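Morning, everyone. I'll take you through one model today: its sheets, some of its helices, then its salt bridges. Here it is on the screen.

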Amino acid sequence: MSDAYAKAGVDQGAADSAVAGLVRALGRVKLDRPSRQVPLPGHYASVIAIDEETGIALSTDGVGTKLLVAEELKRWDSVGIDCMAMNVNDVICVGAEPLAMLDYIAIERADPEVCEQIGVGLARGAELAGVEIPGGELAQLGEMVRGFDVAGACFGTVALDSVIDGSAVEPGNAVIGLPSSGLHSNGYTLARAALEGLPLGEDPEGRLGRPLGEALLEPTEIYVKPIVELLRSEVEVRGLAHITSGGLGNLNRLAADVAYEIDDPLPFPPIFDLIQERAGVPGEEMSEVFNMGCGFCVVVPAGDEAAALHLLRGHYPQAQCIGRAIESRAD
């Protein structure tokens, strides 16, 4: 992960080591029955078999330091959409259809206005994803929290013989990119550091076409409905990747022993240029932190590329083939 991101306050290497420690500890869990977990190491969501045919897909995530921008602008009506998006976009990556999400709000002290606005965003996110929010938790943690945090846990179902882990991806398969709506909910520690001092209510040099604060609070795109439609079509979907922190490198979380050659990337919104210039980081580092205009990828056989693009462009006219799977490169 980039040096600039670490200097801004996010040490991804340390985070990876911390997660590895958690995984080692959790791997020592002993049960009095066989595990029901479907092996999906490193994938976007977990799947638990509930019988011989059906699995429950599970994911949990939050909004991150984008919440600090919301606090500065005193506008909290969109962060619930972000919370929903970060969860449901992961669940669909295993071929599951999200059904419900539970939210968790940790707040310094209960504020009716803030919580109602968060609820407005959660409700809108639920509508966009086609899921229910049957419950949640509000925790007042004044001794621990300054401001608030929003996270969720999403649940979906998937037929066990239809789980998508990317293992079917082969060299020559097409990688289709779907456009992001902006930064989504990743990289905000670096973005805020780079943009510090710029008025959130103004458009820097007229480059964004709207105030900076609006660009930063643009909600994360929810890809559920077009992906579910694609999964129900005749197209053979071999891999699905939610492009978050790590950029297009997230394709490597798919199980196949292939590499990916991206030779026609999607254009990226001007907010990324602004961050790069002010942060003074090369493009390679930007691509390690941000989605750079591509929020989701679909991998299909070359013969299904046209059909997949036709369907997906009904939702995203900018969708395009951005590259191919290729033979795995030697280390």
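Start with an open sheet of five strands, in the order 1-2-5-3-4, with mixed pairing. Strands here are DSSP runs of E, at least two residues, and helices are runs of H or I, at least four residues, all numbered from the N terminus. Two strands pair if DSSP finds at least two bridges between them. Which strands sit at the edges? Strand 1 (46-49) and strand 4 (136-140), and each pairs on one side only. From one strand to the next, the twist averages 20 degrees.

A word on the ground rules. This is a predicted model, with residues numbered from 1 along each chain as its sequence is written. Local features need pLDDT of at least 70, side-chain atom pairs count only at pLDDT 80 or more, totals for chains, interfaces and linings use all residues, and side-chain values use heavy atoms, with hydrogens and water left out.

Strand 2 (residues 54-62) runs antiparallel to strand 5 (residues 148-159), and nine bridges join the pair. Take Leu58: its bridge partner in strand 5 is Phe155.

Now helix 4, residues 79-91. Helix 4 lies across strand 2, strand 3 (97-107) and strand 5. Contact here means heavy atoms within 4.5 Å. Helix 4 runs at about 145 degrees to strand 2. For angles, axes are lines fitted to C-alpha atoms, for helices over the stretch in contact, and values run from 0 to 180 degrees between N-to-C directions.

Is helix 4 buried or exposed? Buried: 13 of its 13 residues are, so helix 4 is largely enclosed by the rest of the structure. Buried means under 20% relative accessible area, exposed means over 50%, and partly exposed is in between, with a 1.4 Å probe and protein chains only.

Ala174 has Val300 as its bridge partner in strand 9.

Last topic: charges. How many salt bridges does the structure hold? Eleven. The criterion is a side-chain nitrogen of Lys or Arg within 4 Å of a carboxyl oxygen of Asp or Glu.

One is Glu108 with Arg146, closest N and O atoms 4.0 Å apart. Glu108 is in the loop between strand 3 and helix 5 (112-129), and Arg146 is in the loop between strand 4 and strand 5, so the pair ties together parts that are 38 residues apart in sequence. Glu108 is partly exposed at 28% relative accessibility, while Arg146 is exposed at 59%.

Arg124 and Glu127 form another, at 3.3 Å between the closest N and O atoms. Both lie in helix 5, three residues apart, about one turn of the helix.

Finally, Glu170, Glu236 and Arg238 are linked in a network of salt bridges.
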